[in-house]
Amino acid sequence: MDFIWNEKTIDWFKTASAYTGFHSNLASLVRPYIEDCSTICDIGCGLGLIDLELAGYVRDIICIDQNETAIGALNEFIRARGAYNVVARAADVNTLTGERRDAVIMSFFGSSVEAISRFMSFCEKKMVLIVHEKPMPAKRVNAVSLRPKPLGAAEVHGFLTDRGLTFQKLNAVIEFGQPFKSLEDAKDFILVYASSTSEAAGARDADGRGERLYNDMAKLLVETGMPNYPLYLPKPKEVAVFIVDRM
Ligand SMILES: C[S@@+](CC[C@H](N)C(=O)[O-])C[C@H]1O[C@@H](n2cnc3c(N)ncnc32)[C@H](O)[C@@H]1O
């Protein structure tokens with residue numbers, strides 16, 4: 001099971017990004033290390049929000065994701081921003097051949113280092129790997145694996161070191177919490193994520209798991225005093241960025 005992109009999750013994700021500046025901050029962290037790159041390919045781009053932040057500094061960016069809903073949303077963002085040097089393509093990245101770009105970005109993509117080997121051959125100068133410093137364990141319900149453990153910093157570090165590759169590792173804690181329009185919105189958020197995972201195991205929220213998750217989350221909500229987003233669920237996200245030298 002992969003990330004679920006639909007109208008609601010897209011709206012939450014883009015609202016969180018705009019509210020916290022997560023992708024703008026992430027792009028600022030990465031940018032100095034890819035100044036020599038004018039063409040980029042983002043593998044499994046999702047909504048491509050980091051690419052929109054980088055677009056003003058490079059010649060062009062190709063964003064690829066197999067999820068057509070995410071690519072549709074990215075196309076709308078491209079039009080709204082006039083960022084026409086960003087091209088969004090709906091495709092399975094495993095079917096790609098012959099792409100050559102100065103930089104390849106893989107941001108929170110995949111669960112194994114195999115993808116790094118594969119897409120390394122696409123880049124001329126730099127590979128940018130953005131992963132969780134400490135990945136959450138795999139999501140499981142009744143021993144059914146719903147989402148594999150995402151790639152973590154230790155695994156990537158080991159892989160790059162074993163291969164004798166030259167790289168720099170950057171660490172940052174970047175806020176990426178979720179603003180909510182109301183308590184109902186917050187409840188909807190947790191239920192959408194809870195039920196989507198339970199549904200995959202054929203037990204759609206049968207044991208009231210969503211309600212329990214909501215009660216736990218409600219204790220963490222912060223009042224913002226802002227009329228449009230009065231509630232906020234904080235999340236300092238610990239990211240590791242590997243800049244791998246291909247030259
Ligand atoms: C966790 S999301 C990360 C999205 C984005 N890179 C970010 O940092 O926000 C992983 C993305 O990879 C995409 N994906 C997974 N497997 C893929 C494949 N084989 N080909 C293309 N996209 C894929 C999913 O659709 C999803 O949008």
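Predicted model: local features only at pLDDT ≥ 70, side-chain atom pairs only at ≥ 80, totals over all residues.
Q: OK, and H1 itself: how far apart are its end C-alpha atoms?
A: They're 20 Å apart. H1 covers residues 7-20, and at 1.5 Å a residue its 14 residues should span 20 Å, so the two values agree.

Q: Which residues of H1 are buried?
A: Ile10, Phe13, Ala16, Ser17 and Thr20.

Q: Where do those buried residues fall when you look down the axis of H1?
A: Within an arc of 135°, so they line one face of the helix. As background, an α-helix has 3.6 residues a turn, so residues three or four places apart point the same way.

Q: You mentioned H2. Which of its residues are buried?
A: In H2, Phe22, His23, Leu26, Ala27 and Val30 are the buried ones. Down the H2 axis they sit within an arc of 125°, so they too line one face of their helix.

Q: And what do they pack against?
A: H1 and H3 on the helix side, with strands E5 (123-132), E8 and E12 (236-245) as well.

Q: Switching to strands: in what order do E9, E10 and E11 sit in their sheet?
A: The order is E9-E11-E10, in an open sheet with antiparallel pairing.

Q: Why is one side of E9 and of E10 left without a neighbour there?
A: Because E9 (178-180) and E10 (222-223) stand at the edges of the sheet, each with a single partner strand.

Q: How many bridges join E10 to E11?
A: There are 2, and the strands run antiparallel, with E11 made of residues 231-233. Val222 has Tyr232 in E11 as its bridge partner.

Q: Now the ligand. Which residues come nearest?
A: Gly44, Gly46, Gln66, Asn67 and Ser107, out of 16 residues around the ligand. That shell divides into 7 nonpolar, 6 polar and 3 charged residues.

Q: Last one, Lys149: where does it lie?
A: In the loop between strand E7 (144-147) and helix H6 (153-162). Lys149 is partly exposed, with 15 other C-beta atoms within 10 Å.

Q: How far is the C-alpha atom of Lys149 from that of Ser112?
A: The separation is 8.9 Å, with the two residues 37 apart along the chain.

Technical notes: Residues numbered from 1 in each chain as written. Pairing = 2+ DSSP bridges. Helix = DSSP H or I, 4+ residues; strand = E, 2+ residues; numbered from the N terminus. Expected span 1.5 Å × (residues − 1). Buried ≥ 20, exposed ≤ 12 C-beta atoms within 10 Å, placed from the backbone. Arc of directions from axis to C-beta. Near = placed C-beta within 6 Å. Nonpolar A, V, L, I, M, F, W, Y, C, P; charged D, E, K, R; others polar. Contact = placed C-beta atoms within 7 Å.
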